Structure formats: C-alpha cells, structure tokens
Amino acid sequence: MQVMLRWLQQPYPFENRWSRALYTALWAGCFITFFIFLLRPFGTQVPAGREVAFLGVCALFGLVTALTTVLVHGFCLLLPGVFDDEKWRLWKEIVFNLCFIGCIGLGNLLLTHFLWETPLNAATFWKWQGLTFAVGVFPTLLGAFIGQIKLQKKYTEEAARLSQQVHPPAPVSHASVVLAGDNQNETLRLDAAQILYLSAADNYVQVYYLENDALKSRILRGTMKKMEDALSAFPRFFRCHRTYIVNLDQVSRVSGNAQGYRLHLDGVEASVPVSRNLNETVREKLT
C-alpha cells in the first residue's frame, strides 16, 4: 500500500498547450468514432444498409469527446495555479482524467437528448456516466500509469548521461550586472558569477546568489522578461523554464523525472526545472 501511495505522489507532466490540446482532441475524437463503429459495444445493432448513418452518429459522439477536450483545456488555462505542471502528480492526473470522462459522459447525454429526446434526469445521467466510463476509464488509467513509467525511465537515463558530460565551469568573471525592480530605488548589483538562478512568482522575481560563499536571496518586483533583458549580455544565463533563469556555469549535475530534467547547483537544496521543449537546448549548452 505504501509503495502505491508513493507512486501516486510521483511527478507527472501536465500538458497545457493549445497545440497539444488540439492534437489530443483530434486523436480522442477519432478513437471514439471508430471504437463505437467497429466494436459496437453494449449490444449495439445496426440494420442492414444503415452503416453510413451509424457512422455519422458515431462521429457525433467523437465530436462530443473532441469538443469536451478543448473546453476542458480552456478551463485549465483559467486556473494556472491549480493546473501547474511543476506541482502536478500522478494522482492528480488520474483524478483529472476521471473528471474529464465524467464531462464527456454529460456531453453524451446532452447529445442523445438532442438526437432522440432522451430525458434529462438522474437515471439517464448515471446511465451515460456508466457507459462512458466503461469505454474510457481503462485506457485512460492504463495510459497514465504506462506514461509515468516510460517518461520516468527516459528522463532519468538521459539525465544520468548528461550529468557525466556537464561542461566544467568557465573562469570566474567579475563583470557587474544590475537587476532593477519596479519599485523606487529597488536595485541589486552583483558580479554575474555570484548569481545562481532566478525564479518568478506573480509580479515578483526572487534572485538567488552567493555572498561570501553563503546562499542569499532577494525579492524584486518585476517580470522575468525584464530580468532576462538585464542578463542578456551574459550568454550563460538561460531561461530554461517559464519561471526560471539559471546560471549554467553553476550547474553541477542533472537529474530527471517524468516531467523532464532538473538542474542541480552546488550549495542549493532546491533544483531548477527545465521545460520539456528546451531539453535539447539545455543538452547543447551544458556539454
């Protein structure tokens, strides 16, 4: 039981991009269409000569799945704090998918009400929930478990190889950089080599740096874009994630989990995540 609970707490990627949502909607819609048409579950009977009409009905159910996928994705974009890739876990993915299937079940009920005037009541609601879960729950849960295992293995192995190839730190540079916040007289002047990484939260950026070999931090009001511009003269500062900028010269090793790479810096307990679409760029810059 403890092993299962620990596994459910494992990191899991949450895709919150429109391109991914549209791809998933298309794939899921086609899968449902041809699943119903070819397998004809729940004792579905199609009279001779009505195959084309039946395919059209199947396509409507596929369309419900596709539209629900797009609508749920739009809802996720409205709540970025809840659907945060950095905090997403396998158990959240499972619960999210179960709720998603429930939304499709509701859409299927509304479709049958429109097509065949199915009454909208508790009995028909639970009937269509049961039918939809019967089709979708097994592949959804199996996909989540298999996906977590495959991604964990992939990124762990790649990170281990990358750690062995991390480029030695460049000679210490004493070039000065000024990071200015939006508030009056809010500036931080440091040697570029002192800065370890920056992280953003809402309208603030926290700068982590070394001072007399001790880890310090300072919060500035401002955007990551503004800080990125201030560091643009120093190519070893890299925005590896939407909310992180890291000094690549300070990276000592790389680890991986199902969400991708994580960069580790000497003397820093926390690790810095890497956006999955930047994995190749990070590999090139670190080796």
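Modeller: Two strands pair if DSSP finds at least two bridges between them. With that in hand, ask away; note that this is a predicted model.

Biologist: In the sheet of E8, E9 and E10, which strands stand at the edges?

Modeller: This is an open sheet of 3 strands with antiparallel pairing, in the order E8-E9-E10. A strand with a single partner has one side left without a neighbour in the sheet, so it stands at an edge. That holds for strand E8 (251-257) and strand E10 (272-273).

Biologist: Which residue in E9 is the bridge partner of Ser255?

Modeller: E8 and strand E9 (residues 260-265) pair in the antiparallel sense, and 6 bridges hold the pairing. Ser255 has its bridge partner in E9, and that partner is Arg262.

Biologist: What angle does the direction of helix H5 make with that of E8?

Modeller: Helix H5 (residues 122-163) packs on this sheet and touches E8 and E9. Angles here run from 0 to 180 degrees between N-to-C directions. For H5 and E8 the value is about 165°.

Biologist: And at what angle does helix H7 run to E9?

Modeller: Helix H7 covers residues 279-286 and lies across E8 and E9. Its direction relative to E9 is about 35°.

Biologist: Which strands are at the edges of the sheet of 5 strands?

Modeller: The order of this open sheet is E5-E4-E3-E7-E6, with antiparallel pairing. An edge strand here pairs on one side only. The two that do so are strand E5 (214-221) and E6.

Biologist: By how much are neighbouring strands of this sheet turned against each other on average?

Modeller: Direction is ignored for this figure.

Biologist: How many bridges join E3 to E4?

Modeller: E3 and E4 run antiparallel. One of the pairings puts Leu198 against its bridge partner in E4, Val207. The bridges joining E3 to E4 number 6.

Biologist: Which residue in E7 stands opposite Ser199?

Modeller: E3 and E7 run antiparallel, joined by 3 bridges. Ser199 faces a residue of E7, namely Tyr244.

Biologist: Are the residues on both faces of E7 buried or exposed?

Modeller: One side of E7 carries Tyr244 and Val246, and the other carries Ile245 and Asn247. Buried means under 20% relative accessible area. Both faces are covered, and these four residues are all buried.

Biologist: How many residues make up the largest nonpolar core?

Modeller: Tyr197, Cys240, Val246, Val254, Leu263, Val272 and Leu286 touch the most other members. H5, E3, strand E6 (237-241), strand E7 (244-247), E8, E9 and H7 each supply at least two residues of this core. Another core lies apart from it, with 17 residues, including Leu179 and Met224. The largest core has a residue count of 23.

Biologist: How many aromatic pairs does the structure hold, and what is the angle between the planes of Trp27 and Phe31?

Modeller: The structure holds 17 aromatic pairs. In one of them, Trp27 and Phe31 lie 5.5 Å centre to centre. Planes under 30 degrees apart count as stacked. This pair is stacked, with an angle of 5°.

Biologist: Why are Trp27 and Phe31 separated by about one helical turn?

Modeller: Both sit in helix H2 (residues 18-39). Trp27 is exposed at 54% relative accessible area, and Phe31 is partly exposed at 35%. They are about one helical turn apart because their spacing in H2 is 4 residues.

Biologist: Which residue lies over the face of Phe37?

Modeller: Elsewhere, ring pairs link Phe14, Phe75, Phe83, Trp88 and Phe96 into a cluster. Over the face of Phe37, at 5.7 Å from the ring centre, lies Arg40.

Terms used
Residues numbered from 1 in each chain as written. Predicted model: local features only at pLDDT ≥ 70, side-chain atom pairs only at ≥ 80, totals over all residues. Heavy atoms only, no water. Phe/Tyr/Trp six-rings, centres within 6.5 Å; stacked < 30°, edge-to-face > 60°. Buried < 20%, exposed > 50% of the residue type's maximum accessible area, 1.4 Å probe, protein only. Lys NZ or Arg CZ within 6 Å of the ring centre and 35° of its normal. Contact = heavy atoms within 4.5 Å. Core = buried A, V, L, I, M, F, W, Y, C linked by side-chain atoms within 4.5 Å.
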